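Work through these exercises with the model open. Each task is followed by a worked solution.

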Amino acid sequence: MIRLTLEDGMNRLEDGIAKALMIMDGYTASALFSSEEYMKYYDCVYLLCVQPPPNDYSWQLHERFKKALEESIFLKVLPSLSDKNGAPLLSELRRLWANYKSMVKCLGGFYLYLDQRFSDRETAAPLSEISVCCFHDLVCTAFLQKFIDAAILLITQDRNGQPTDQTFLQSLSNFFTEVGGKTRPFCYNKFEEAILVDTGNYYSQVAPEWLLNYSSAEYASKCLREERGRACKILHPPGVEKLLQIVHWKLVGEITNQLIEKQNAENLDASRYKVSFKSLLKPQPSLPLPSRKFCLATRK
């Protein structure tokens, strides 16, 4: 068997890692590596793993992989996000997350044997999990509130009829789902909670105005349709149901008496409406009423 020292092996591998980091700038792996180069780095990792102790350097390789991920985040991701807000921030996050995943796929090819070797060890996480955890811990921790603020801004602009790219919202929701997986739902949960609270605040503000100026049944129905269309793109189904119940509560439930008074005062014929006012007053049985905690939050 060919013997390879840790120093020589790491020196060879460093060249491949440095080139792989260029993927964060938009280069493709196929443009950076030939098949022969790719196999050279795979063989390097393989040799460093299969040598008998004390020359088995699996753990050192494992740590170098994690360090390479951290370098890409500290050098490329965090600086690029720090000076942006709103739609530009979400656009840049989408670009960087896509490049990061491509870089991880490339590095994972070099480290494929190591990943397979550690797959049965409880003490080592899969490389794919390490890559997601690094991005979650270093990027989401630093920018979670900025991401949420950017999403709320776009939703507000969309509600006000301003041109918006809703794919940014969908990408952000997908991002939170990907980095959270099944065990780290915190980011998505905070994202959903912020949208629900903002929705309640928004309709608390507009309800008195539309009560004076619009047909109650038609306006409430229109809002519910628009909110459903938007929410289905960015929230999981339970979140969509929560949001619709909040809209219904704010536009109908909280001001039921005023709505009835307006109808009686104007002596309107319910048959004039495509949507029955009485049907809007009925609670939606499949959806829970807003919690006391939520009601208090939207009054702050």
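**Exercise 1.** What percentage of the 300 residues in the chain do buried residues make up?

*Solution.* This is a predicted model, in which local features need pLDDT of at least 70, side-chain atom pairs count only at pLDDT 80 or more, and totals for chains, interfaces and linings use all residues. Residues are numbered from 1 along each chain as its sequence is written, and side-chain values use heavy atoms, without hydrogens or water. Buried means under 20% relative accessible area (1.4 Å probe, protein chains only). Buried residues make up 44% of the chain.

**Exercise 2.** Describe how helix 9 packs on helix 11.

*Solution.* Step one: take the axes, lines fitted to C-alpha atoms over the stretch in contact, with angles from 0 to 180 degrees between N-to-C directions. Helix 9 (residues 186–213) and helix 11 (residues 237–253) pack at about 20 degrees, with axes 8 Å apart. Step two: classify. Helix 9 is therefore roughly parallel to helix 11 (angles under 35 degrees).

**Exercise 3.** Which residues touch the most other members of the largest nonpolar core?

*Solution.* Such a core is a set of buried Ala, Val, Leu, Ile, Met, Phe, Trp, Tyr and Cys residues joined through side-chain atoms within 4.5 Å. Among its 86 residues, the answer is Tyr100, Phe147 and Phe175. Helix 7 (residues 127–159) gives the most to this core, with 16 residues.

Definitions and conventions: Helix = DSSP H or I, 4+ residues; strand = E, 2+ residues; numbered from the N terminus. Parallel < 35°, antiparallel > 145°, perpendicular 65-115°, else oblique. Buried < 20%, exposed > 50% of the residue type's maximum accessible area, 1.4 Å probe, protein only.
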